[in-house]
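Here are a few friendly notes to read alongside the model.

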Amino acid sequence: MDKSYVAITESINRGIVELRQAAPDALARLGAMARGALAPGALSELHKELMALAIGVAGHCDGCIGFHAKALVRLHATRAQVM
């Protein structure tokens, strides 16, 4: 079965918009936590996203796979790094 990760992430984003309207403080804090977790430190953002993608694959989470793959494209991850 083919999956459209673009469609999956767009659908999740629509839900996030609704959640942000219903609970703006909670979503702002969640966003701050995510930014903090991905900030460069002992590991780069690229390495953190690679690990997050692996966790998404292991957990069979289509949304996680889609969002972390998109982030890895933005970070210019090579095919070899992702594999």
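1. Which helices are included in what covers the buried residues of H3? They include helix H2 (24-38), H4 and helix H5 (79-82). The buried residues (under 20% relative accessible area, 1.4 Å probe, protein chains only) are Leu-46, Lys-48, Glu-49, Leu-50, Ala-52, Leu-53 and Gly-56.

2. Before going on, please note that this is a predicted model, where local features need pLDDT of at least 70, side-chain atom pairs count only at pLDDT 80 or more, and totals for chains, interfaces and linings use all residues. Residues are numbered from 1 along each chain as its sequence is written, and side-chain values use heavy atoms, without hydrogens or water.

3. Just after H3, His-60 has a positive phi of about 55°.

4. Helix H1 (residues 5-22) and helix H4 (residues 62-74) have axes that come within 9 Å and cross at roughly 100°. H1 is therefore roughly perpendicular to H4 (65 to 115 degrees). Their contact (heavy atoms within 4.5 Å) involves Tyr-5, Ile-8, Thr-9, Ile-12 and Asn-13 of H1, with Asp-62, Gly-63, Ile-65, Gly-66 and Phe-67 of H4.

5. The disulfide count (cysteine sulfur atoms within 2.5 Å) is 0.

Key. Axes fitted to C-alpha atoms, helices over the stretch in contact; angles between N-to-C directions. Helix = DSSP H or I, 4+ residues; strand = E, 2+ residues; numbered from the N terminus. Parallel < 35°, antiparallel > 145°, perpendicular 65-115°, else oblique. Buried < 20%, exposed > 50% of the residue type's maximum accessible area, 1.4 Å probe, protein only.
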